[in-house]
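Biologist: Could you put the model up and walk me through it? I'd like to hear about the ligand surroundings and the sheet.

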Amino acid sequence: MSERSERTENDVLVEVRDLKVHFPIKRGVLFDRVVGQVKAVDGVDLSIARGKTYGLVGESGCGKSTLGRALLQLTPPTAGEVSFDGVELTTLPPGKLRGMRRRMQMIFQDPMSSLDPRQNVESILTEGLQTHGIGADRTDRRRIIGETLDAVGLPRWALSRYPHEFSGGQRQRIGIARALVLGPELIVADEPVSALDVSIQAQVVNLLDELQDSLGLTYLVIAHDLAVVRHISDTVGVMYLGALVEEAPSDRLYNEPLHPYTRALMSAVPVPDPDVEDRRERILLAGDLPSPANPPSGCRFHTRCPWAQPTRCADERPVLREIGGSRVACHFAEQIASGELRPHGVSAQIVRPEGEGDAPGVVSAPTEPGSYV
Ligand SMILES: Nc1ncnc2c1ncn2[C@@H]1O[C@H](COP(=O)(O)OP(=O)(O)OP(=O)(O)O)[C@@H](O)[C@H]1O
Ligand code: SF4
Ligand SMILES: [Mg+2]
């Protein structure tokens with residue numbers, strides 16, 4: 001495994017500043033014409049402390065994977081900065097970026113599709129070592145691979161087997177081994193357990209936890225399952241339409257969510273105690289996630305927010321600001337927390353992508369009203 005220099009307890013390994021990833025929407029028969037932009041990530045600031053876990057949650061399509069990939073420079077950012085261990089990655093020449101890649105690895109949701117079915121485990125693990133020139137010779141590489149297999153709980157006989165000969169949980173261990181064999185400091189795990197049986201999920205989460213303790217790893221864990229993120233994260237960030245709406249230490253976020261969207265997400269998580277379950281608030285959000293090709297004006301959540309106020313919420317985009325140890329992007333977070341502002345019914349609004357329908361950004365007739373129970 002990699003040599004680690006002495007570090008202070010809480011220093012920052014990854015710093016993301018105003019990161020944007022916009023994908024062009026192209027149309028045309030003979031010549032592609034850019035008719036709009038999908039704003040998958042649209043101004044994200046976050047820091048990940050060394051040796052800690054940052055959990056990222058949010059609805060499907062809100063930009064979690066794009067953020068993870070842009071952080072590793074696997075998808076080129078449109079704007080913004082990503083610093084890793086003090087080195088700015090977005091302006092790094094390709095040769096130097098390749099060198100940094102060894103230190104930042106990714107684990108994917110579906111190990112079957114991310115592992116080459118024609119390569120046995122030894123070949124899968126050797127490939128990265130050779131690419132990055134790790135290991136003095138074949139014997140040395142076999143030693144590194146053997147230690148990595150031990151670390152992820154796979155037997156040595158696994159080396160000669162192919163991905164299809166393993167169970168889902170074992171395959172994810174191979175995916176983790178492939179990342180780990182390079183001795184990384186940061187691992188971006190994109191939905192690392194969501195393709196696995198529930199009974200296996202805890203084993204893989206525990207393995208990630210143990211590896212963090214023994215190797216001092218730093219994680220960005222992306223998951224839609226709030227329970228998984230809570231278990232593993234020190235800090236949790238909640239994304240909505242390409243931006244963070246709230247960020248807080250894990251317990252604080254789960255016990256005292258401040259942003260209306262976070263409150264809605266938390267209210268959907270079942271509580272084991274039936275009395276508490278019966279009494280707690282439930283917030284059902286109206287409508288689907290609006291299109292990132294034409295996000296709503298002002299606060300992006302205002303089309304679904306049960307607390308939205310005229311006219312500031314539709315006019316002014318809230319910035320993330322500190323409130324008692326959390327960072328929250330809501331103009332009225334304090335008044336909502338104190339009960340001064342009460343929730344109201346909202347009508348779902350459909351915001352059409354530019355170029356479709358009557359006019360850009362036209363809001364269609366209200367559909368089902370949102371409800372607050
Ligand atoms: N290469 C691409 N080209 C164009 N649009 C893209 C591309 N990759 C992602 N998108 C769009 O960017 C938005 C964010 O996608 P992303 O995959 O990051 O979301 P996600 O939060 O990871 O969703 P999920 O939970 O379903 O994995 C989506 O609207 C998606 O369609
Ligand atoms: S700023 Fe307004 S619309 Fe946005 S979350 Fe807060 S109350 Fe809701
Ligand atoms: Mg994703």
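Biologist: Which residues are the closest around ligand 2?

Modeller: This is a predicted model, where local features need pLDDT of at least 70, side-chain atom pairs count only at pLDDT 80 or more, and totals for chains, interfaces and linings use all residues. Numbering starts from 1 along each chain as its sequence is written, with chains lettered from A and ligands numbered from 1 in the order in which they are written. Ligand 2 has 14 residues around it, counting a residue as near if its C-beta atom, placed from the backbone, lies within 6 Å. The closest are Cys-299, His-302, Cys-305, Cys-313 and Cys-330.

Biologist: How many residues in the shell around ligand 2 are nonpolar?

Modeller: Ala, Val, Leu, Ile, Met, Phe, Trp, Tyr, Cys and Pro count as nonpolar, Asp, Glu, Lys and Arg as charged, and the others, Gly among them, as polar. That shell has four polar residues and no charged ones, and the nonpolar count is 10.

Biologist: Which element gives the most to the shell around ligand 1?

Modeller: Elements here are DSSP runs numbered from the N terminus: helices (H or I, at least four residues) and strands (E, at least two). Ligand 1 is surrounded by 13 residues, with Phe-23 and Ala-40 among the closest. β2 (33-49) and α1 (64-71) each give two or more. The top contributor, with three residues, is α1.
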